[in-house]
Each structure stands twice: as C-alpha cells, then as structure tokens.
Amino acid sequence: AAAAAAAAAAACGGDSANDATTSNNHRCNDDDENDDGEPVTIGIRKQTNKVGWVYGLRVDESYQRRGLGSALQAELERRCRARCVDMIYLSVNNTNEKAKSLYRALAYHHASHRNMSAKILYEVTK
C-alpha cells in the first residue's frame with residue numbers, strides 16, 4: 001500500500017516521500033483531454049486541491065460485515081488517486097453507526113456537522 005501511495009504521489013507531481021494527499025503542485029491532467037488523448041481545454045490553469053465526493057455508498061444489510069464496504073471504498077480511493085485527487089469527502093447519516101464505524105476504521109476523520117436542507121419545487125397532486 002505504501003508503494004502504491006508513493007507511485008500515485010509521484011504520478012501526480014508530488015513527493016514520493018509524502019502521501020498523495022499532501023501535494024498541491026500536481027501535473028496530473030486527466031480532465032484536460034478526452035479518452036482519445038485529444039485536448040478538450042486550452043489555456044493555463046492553476047490546479048488546487050482536488051476533492052472526491054462520495055454520496056450514497058450503500059451495502060445491502062444482508063451483505064454487510066463481509067468486507068464489501070471496505071472493498072468498495074478501497075476501489076473508490078484507488079480511482080481517486082489515479083486522478084490525483086487530494087482528499088475524499090463523504091456524507092454519512094448521523095445515525096448510521098455502522099457506516100461511521102467503518103469509515104473510522106478506514107482512517108476517515110469527522111469534518112463537520114452540516115445539516116442538509118431541502119426545498120420542494122413543485123407539489124405532486126393526486
């Protein structure tokens with residue numbers, strides 16, 4: 001795992017002695033070209049921290065406690081590292097103790113107590 005993190009950091013322009021999440025000077029431009037390698041943007045940009053967002057990752061209750069959640073999160077992290085993402089932000093329901101325990105075991109840290117808000121834009125009539 002340490003070798004993979006060092007390789008990811010080096011590929012993103014970071015220092016192989018540091019985790020890929022510590023570098024702000026990336027040379028990774030995955031989103032600057034299409035799948036055929038053709039440019040889709042032209043210009044100069046300063047890349048700052050790239051954040052991966054995870055919403056709604058769920059494992060059916062009958063399949064929990066089998067390592068599936070850990071495996072899914074590991075794959076998401078692998079894909080984020082390949083895209084030079086610096087940090088992953090995820091949302092967990094405050095009452096979901098199983099998920100919070102999983103993410104603590106995976107070294108995630110509580111970041112905020114944000115409350116979600118919603119607004120109904122139209123009312124369904126029967």
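Colleague: Let's start with the second largest pocket. How much space lies in it?
Modeller: About 690 Å³ of space lies in the second largest pocket. Keep in mind that this is a predicted model.

Colleague: OK, and which residues lie nearest its centre?
Modeller: That would be Q64, N96, K98, A99 and L102, out of 24 residues that line the second largest pocket.

Colleague: Which elements give two or more residues to that lining?
Modeller: For the second largest pocket, those are α2 and α3. The largest share comes from α3, with five residues.

Colleague: How does the lining of the second largest pocket divide into nonpolar, polar and charged?
Modeller: You get 11 nonpolar residues, nine polar and four charged.

Colleague: You keep saying α3. Where does A105 lie?
Modeller: A105 lies in helix α3, which covers residues 97–105.

Colleague: Is A105 buried or exposed?
Modeller: A105 counts as exposed, because its relative accessibility is 65% and the cut-off for exposed is over 50%.

Colleague: How far apart are A105 and S70?
Modeller: In sequence, A105 and S70 are 35 residues apart. In space, the C-alpha to C-alpha distance is 9.3 Å.

Colleague: Switching to strands now. What's the place of M87?
Modeller: M87 sits in strand β2, residues 87–90.

Colleague: Which residues form a nonpolar patch with M87 on the surface?
Modeller: V51, W53 and Y55 do. Together with M87, they have about 440 Å² of accessible area.

Colleague: Last topic, the whole chain. How many helices and strands are there?
Modeller: The protein chain has three helices and two strands. Going from the N terminus, the elements run α-β-α-β-α.

Colleague: And what share of the residues is buried?
Modeller: Of the 126 residues in the protein chain, 21% are buried.

Terms used: Residues numbered from 1 in each chain as written. Predicted model: local features only at pLDDT ≥ 70, side-chain atom pairs only at ≥ 80, totals over all residues. Heavy atoms only, no water. Helix = DSSP H or I, 4+ residues; strand = E, 2+ residues; numbered from the N terminus. Buried < 20%, exposed > 50% of the residue type's maximum accessible area, 1.4 Å probe, protein only. Patch = residues over 30% accessible without salt bridge, like charges linked within 9 Å, V, L, I, M, F, W, Y side chains within 5 Å. Areas by Shrake-Rupley, 256 points an atom, 1.4 Å probe, with all protein chains shown as cover. Salt bridge = Lys/Arg side-chain N within 4 Å of Asp/Glu carboxyl O. 1 Å grid on protein atoms, 1.4 Å probe; cavity = no way out; pocket = protein on both sides within 12 Å on 5 of 7 lines; lining within 4 Å. Points joined across faces, edges and corners; volume = space filled by probe spheres on them. Nonpolar A, V, L, I, M, F, W, Y, C, P; charged D, E, K, R; others polar.
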